[in-house]
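Subject: Structure for your review

Dear colleague,

Please find below the structure that I am handing over to you, together with its sequence. My findings follow directly after it.

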Amino acid sequence: MYLSKFYLPLMKETPAEAQIASHRFMLRAGMVRQESAGIYSWLPLGHRVLKKIEQIVREEQDRAGAVEMLMPTIQSADLWKESERYDAYGKEMLRITDRHGREMLYGPTNEEMITAIFRSGVRSYKELPKMLYHIQWKFRDEVRPRFGVMRGREFLMKDTYSFDLTADAARQSYYKMFIAYLRTFARMGLRSIPMKAETGPIGGDLSHEFIVLAETGESEVFCHRDLLRKTMPPANVDFDGNLESYVNEHTSLYAATEEMHDKEAFEKIPEEARVSARGIEVGHIFFFGTKYSKAMKANVLGAEGKEVPVEMGSYGIGVSRLTGALIEAYHDEQGCKWPVPVAPFHVGLLNLKVGDEKIDAACAGIYRQLEAAGVEVLYDDTRARPGEKFARMDLIGLPWQITIGPRGLGNGLAEVKNRHTGQKQELPLQEAVGFVTRQVKDALKVV
RNA sequence: CGGGGCGUAGCGCAGCCUGGUAGCGCAUCUGUUUUGGGAACAGAGGGUCGCAAGUUCGAAUCUUGCCGCCCCGACCA
């Protein structure tokens, strides 16, 4: 992509309302634009990140055996009356009346709808288990939206719903998602820690929040240091095999959010291993049994010929929130520092003297080669001054920068900068292309 | 939903107390000189001062109502 053709409205100054790094940089780097409280337009740069995150989430859901579908944003109130949540939900639900006076709502979640979909299509236990997911915009009319996309009113969520015959079988579905989540966040460069969460009316141990540590996190969290060093389940996990060991690996040490914190248990950890920090919740998985299937009569015929309500679980990932969480985890004073798998572009190519025949030609050549190799390049072909080009590349935070200017090109050299480490090196043009291509490909490898 | 604050050019702000021609920095446009870390000089454009009503000869400024946004708290993915 040529920067001259892209739409990238940058801000030199920080808008007054942006309090935390991710909010500040998303506005300054032209990723989003606020339309009203907690509602954002996703400008091209932000949109690219959102799509990258979404795609990683999708791939790991598919790997775990979940099946993608799409439910509408607008729902009929009737469904919610069936589950008796219509009155219970309160003002967070945005209620709408259509031209015929029918009560509608902008979905804050989809348990009711998926339950209705499931019950209309499944009659027998032989069709179980099933896992369905969708990635869709939701709306919760938060009293106080804040922190940019980290806590908006409109937000993009991935929601998976599992259907099993027994609570035991549901445990396997839960484990599948548990592992998919560890992998999903790890692929984005995030170290997520599953923490025990409140289980609601069902009880049991099947409820975890996936937390990413960050100074600006919303909640206080406590965990054992070693959880930060656990290895991830590999891509070839047999999701239909025994998953317990993977789950145990990540749940045997102490980890809890403020609400579930057990001071005594925490203090049994050796002092130097205690981590007390702030965290961002990026995922939440839980088993809720027959809560909706009973209320909405989502039954299947069991082996004995008797109707039983299905056992359900739901598993969410805050896709739009992750964009913010990633910046909270990866930034410095100058701007964002995207991990390659979620970067809006892999490489920024800086032409320091547009109009100079040799430099233009060198840049065009590098651009073509990188693109041909499947590396995504944002080519700064504008006539801006070098200082400005450096500053804005740092702000938008592409992981690699290749700079071509009169100084280096005279000796046939390009400057390659790693945005994460700040390290710069001068390489002959061809080597620079090869080096960066290898680095990018390496970082994109799924293990 | 309780408490506090703010709406003046695209962004950041001053002016309001004490009513009288709407300002500054950045950004934008033109020209010249610059050219490896957000350039310099000269010039130019851009504002129903959130909306409405009121007080007044006269309102960005005073009064009332409304709307929007932000911060702290409670709540939440």
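Helix α5 and helix α6 (residues 244-251) have axes that come within 10 Å and cross at roughly 60 degrees. An angle under 35 degrees would count as roughly parallel and one from 65 to 115 as roughly perpendicular; α5 and α6 are therefore oblique to each other. Their crossing is left-handed. On the α5 side the contact involves Y175, F178, I179 and L182, which meet E244, Y246, V247 and H250 of α6. By class, this contact of α5 with α6 comprises six nonpolar residues, one polar and one charged. Please bear in mind throughout that this is a predicted model.

Helix α5 (residues 167-187) also packs against helix α2 (residues 44-63), at an angle of about 150 degrees and with the axes 9 Å apart. Since angles over 145 degrees count as roughly antiparallel, α2 and α5 are therefore roughly antiparallel to each other. The crossing in which α2 passes α5 is right-handed. From α2 the contact takes I56, V57, E60, Q61 and R63, and from α5 it takes A180, R183, T184 and R187. These residues of the α2 and α5 contact divide into three nonpolar, two polar and four charged.

A further helix pair is formed by α10 (residues 357-372) and α13 (residues 429-444), which pack at an angle of about 30 degrees with their axes 10 Å apart. The cut-off for roughly parallel is an angle under 35 degrees, and α10 and α13 are therefore roughly parallel to each other. In this pair α10 passes α13 in a right-handed crossing. A362, I366, Q369 and L370 of α10 meet L429, V433 and T437 of α13. The contact of α10 with α13 has five nonpolar and two polar residues, and no charged ones.

I turn next to the RNA. By class, the surface near RNA strand B has 14 nonpolar, eleven polar and 18 charged residues.

Two points of backbone geometry deserve a look. The peptide bond that leads from L128 to P129 is cis, its omega being near -5 degrees. P129 lies in the loop between α4 (111-121) and β7 (130-139). The other point concerns F147, whose phi is near 60 degrees, a positive value in a residue other than glycine. The loop that holds F147 runs between β7 and β8 (154-164).

Finally, as to the chain as a whole, chain A contains 13 helices and 23 strands. Its C-alpha trace spans about 80 × 60 × 40 Å along the principal axes. For 447 residues, a compact globule would have a radius of gyration near 22 Å, and the 24 Å of chain A agrees with this.

With kind regards

Technical notes. Residues numbered from 1 in each chain as written. Chains lettered and ligands numbered in written order. Predicted model: local features only at pLDDT ≥ 70, side-chain atom pairs only at ≥ 80, totals over all residues. Nonpolar A, V, L, I, M, F, W, Y, C, P; charged D, E, K, R; others polar. Axes fitted to C-alpha atoms, helices over the stretch in contact; angles between N-to-C directions. Helix = DSSP H or I, 4+ residues; strand = E, 2+ residues; numbered from the N terminus. Left-handed = near helix turned anticlockwise from the far one by under 90°. Contact = placed C-beta atoms within 7 Å. Rg over C-alpha atoms; globule rule 2.2 N^0.38 Å.
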